[in-house]
Amino acid sequence: MNKKDLRPVSVFQFFDEINHIPRPSKHEERMIEYLRQFGESRGLETVIDKAGNVLIRKGATVGHEDSPTIVLQSHMDMVCDKVAGCEKDFLHDPIETYIDGEWMRAKGTTLGADDGIGCAIELAILDSKELPHGPVECLFTRDEETGLTGANNLEAGMLRGSMLLNLDSEDEGLFYVSCAGGKTTTGTFRFQRVKPEGSLCFLRISVKGLTGGHSGDDIHRKRANAIKLLSRFLYNEMQKMPIRVAQINAGKLHNAIPREGEVVFAVPFAEKETARVDWNVFCSEVEEEFHVTETSIQWHMESADSEDVIPAELASRIILALQAMPAGVYSKVQDTVLGDLTETSNNLASVQTDNDSCTIVCSQRSSVMSNLVNMTNTVRSVFELAKADSITHSDGYPAWKMNPDSVLREHAIECYRKLFGKEPTVIGIHAGLECGLFAKRYPNLDMLSIGPTMRGVHSPDERLNIPSVEKVWQLVTEILKSL
């Protein structure tokens with residue numbers, strides 16, 4: 001498949017335009033300006049609220065004036081991650097895409113299909129002069145990935161529609177009708193570095209090539225977490241010999257499972273060979289442990305230059321905190337309608353060490369808000385036991401509960417059945433969706449979340465299934481035409 005073969009043509013053309021616009025989370029200014037010019041140049045009512053959300057309204061086509069107003073919604077920002085050695089500057093450089101069979105990928109970076117492809121579908125509908133539809137409101141929210149800032153600060157009364165179709169899901173044929181709520185907890189340890197004493201051998205260990213993935217969508221897939229692997233090794237060595245830690249750095253984003261990380265530590269010269277043997281044994285054991293989900297792990301150990309270290313007692317507390325921190329699924333639930341669901345989880349997302357502090361970030365999720373509080377308290381208690389100097393929480397976002405009387409859901413199911421001759425799967429998602437925040441502000445808004453198939457989101461392995469985009473396009477346009 002070549003780019004000239006991509007269908008729908010207009011959707012992929014707009015996706016290409018979007019990928020030439022830098023739009024990291026919290027840096028969406030150029031995307032906002034692009035949307036403003038897009039709407040105004042076509043004579044469409046275009047509104048930008050104080051939070052930076054963009055709403056573009058398009059009137060009904062002839063014969064559909066009495067149809068209910070429907071909101072199409074996606075977020076304009078993207079997760080920016082890249083492979084080691086990639087020099088891409090996400091604030092200035094375009095995303096370079098290529099075709100790999102039936103998939104679209106990016107060269108060395110995240111693709112931005114989450115949620116650029118949702119934005120492209122909206123733009124193609126707004127641009128079309130042929131598609132029949134009732135009144136449409138296209139909402140583009142900002143900063144979804146790092147704080148849901150746009151949805152959380154959407155101006156009251158901005159939406160007129162009674163139904164909302166969220167285009168931020170990642171499995172064609174799955175209809176999402178509920179989502180988890182979430183919160184982020186950060187623990188910070190502060191210190192003054194000290195000169196290492198005694199005859200020490202400094203070593204650098206690293207792990208790369210893990211699968212990673214989205215901390216909501218993929219948390220149940222039993223993938224390895226780079227932070228947990230490195231801290232496990234440090235904990236094991238700490239039981240055998242005195243170690244001194246200089247650096248622990250792994251993970252980047254609160255909503256991504258860490259794929260790689262690096263530690264610089266020191267052991268007595270007399271224990272150097274023991275540490276090397278232990279590392280080799282550990283790597284072999286982990287490869288066997290994750291032989292199904294992690295087939296491309298890259299391990300490395302080398303000598304490192306001597307440097308100032310974290311005070312020994314504090315380094316021990318940091319290692320204990322990382323070893324004790326929950327990471328992965330905490331509880332599951334069997335829903336009578338939605339089936340087997342991940343209910344509560346925690347993602348040990350990142351640990352970053354600089355000259356005078358070590359910061360650990362964790363992301364909690366749950367579809368039950370009381371359990372979200374409990375999971376957050378569990379994470380906090382680990383930091384408290386380790387005597388972190390500061391512990392902070394994000395504002396978080398609410399869960400979205402299924403509406404058993406949804407007209408939009410039933411109509412979309414009928415459209416899917418008509419188009420493709422089979423039933424879609426109605427399901428809840430463990431990831432957070434902006435629908436939870438919309439429901440809080442617009443409690444009577446009838447919502448559904450759909451999207452084309454993507455894999456590896458929030459990582460440089462992000463890829464978009466091309467045929468699924470056309471199926472989602474057909475479904476959205478059928479819903480608009482027949483609603």
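Which residue in β21 is the bridge partner of Met-104? Select Met-104 and then Leu-464, its bridge partner in that strand. The model is predicted, so local features need pLDDT of at least 70 and side-chain atom pairs pLDDT 80 or more, whereas totals for chains, interfaces and linings use all residues. Residues are numbered from 1 along each chain as its sequence is written, and side-chain values use heavy atoms, without hydrogens and water.

Next, select residues 103-106 (β5) and 463-465 (β21), antiparallel strands joined by 2 bridges. Strands are DSSP runs of E of at least two residues, and helices are runs of H or I of at least four, numbered from the N terminus; two strands pair if DSSP finds at least two bridges between them.

Select Glu-137 and Arg-57, whose closest N and O atoms are 2.7 Å apart. This pair links β6 (residues 136-141) to β2 (residues 54-58), 80 residues apart. Glu-137 is buried at 2% relative accessible area, and Arg-57 is buried at 12%; buried means under 20%, exposed over 50% and partly exposed in between (1.4 Å probe, protein chains only).

Finally, select Arg-417 and Glu-414 in helix α9 (residues 407-420), 3 residues apart. Their side chains meet in a salt bridge of 2.5 Å, N to O. Both Arg-417, at 32%, and Glu-414, at 43%, are partly exposed.

Technical notes. A salt bridge is a side-chain nitrogen of Lys or Arg within 4 Å of a carboxyl oxygen of Asp or Glu.
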